[in-house]
Amino acid sequence: MSWKHTAAVGLLALSAGVAGLVVGSIMTGKGAPRGITDLLSRSAATRWLAEAWIDAAQPAAPAGVRIAQKGDPAPAVALLGRDGKAASLTQWQDRLVVVNFWATWCAPCRKEMPELDRFQQKHAANGVQVVGVALDGTADVEAFLRDTPVGYPILLAPNPAANPSLPFGNTYGALPFSVLLGRDGRILDTRLGEVSEAVLEGWIAPHH
């Protein structure tokens with residue numbers, strides 16, 4: 001077989017493999033694999049493909065629920081501080097804000113929290129703020145934070161079952177789920193799944 005034939009077969013197999021990944025991500029409702037879409041997003045020529053894949057693989061919202069899109073203001077969801085008083089994400093206006101929805105029962109959430117903490121410490125003086133939003137009871141959150149303290153603020157959902165991450169685009173119903181808010185309080189991007197410090201660095205780079 002000539003090198004041209006070999007290349008053609010390889011390209012066909014690669015195309016079939018990618019097509020299978022796309023279809024699989026849509027059928028399972030697990031979303032597009034962010035490792036691959038992150039690579040595609042690094043090039044202006046393929047960024048459109050990454051965005052189209054992410055959008056196509058996202059499950060539809062429940063009937064009657066409005067989901068904010070990129071560029072929209074952050075939804076004004078009800079939140080509480082650890083002191084039980086009403087809190088809002090608007091208190092961090094004029095900063096890039098990484099909102100991380102998590103729960104104590106979520107293993108990937110627990111694993112990524114030290115990464116989020118290191119990222120916050122590194123960028124606190126540069127106008128970047130990490131905010132955790134726990135979808136858990138207060139007692140469970142406080143017990144967890146005693147053993148695994150973090151330096152960034154943790155807010156709580158008054159009713160975790162209501163899923164305050166849903167209006168931000170978490171139609172997957174899974175955690176962790178993170179949202180990047182611009183300095184004007186509008187949604188820049190969302191991300192399903194565990195993050196690392198390196199991923200966070202790449203996430204804020206275009207907006208820093």
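Cysteine 106 is buried, at 4% relative accessibility; buried means under 20% relative accessible area, exposed over 50%, and partly exposed in between (1.4 Å probe, protein chains only). Cysteine 109 is also buried, at 0%. A disulfide joins cysteine 106 to cysteine 109, with an S to S distance of 2.3 Å. The term denotes a pair of cysteine sulfur atoms within 2.5 Å. The link is right-handed, with 80° about the S-S bond. A search of the whole structure finds one disulfide.

The model is predicted: local features need pLDDT of at least 70, side-chain atom pairs count only at pLDDT 80 or more, and totals for chains, interfaces and linings use all residues. Residues are numbered from 1 along each chain as its sequence is written, and side-chain values use heavy atoms, leaving out hydrogens and water.

Eight salt bridges are found in the whole structure. Each is a side-chain nitrogen of Lys or Arg within 4 Å of a carboxyl oxygen of Asp or Glu. Arginine 66 pairs with aspartate 72 at 3.5 Å, N to O. Arginine 66 is exposed at 63%, whereas aspartate 72 is buried at 19%.

Lysine 111 forms a salt bridge with glutamate 194, the closest N and O atoms lying 3.8 Å apart. This pair links distant parts of the chain, 83 residues apart: lysine 111 is in helix H4 (residues 107-123), and glutamate 194 is in the loop between strand S7 (187-192) and helix H6 (197-204). Helices (H or I, at least four residues) and strands (E, at least two) are DSSP runs, numbered from the N terminus. Lysine 111 is exposed at 57%; glutamate 194 is partly exposed at 36%.
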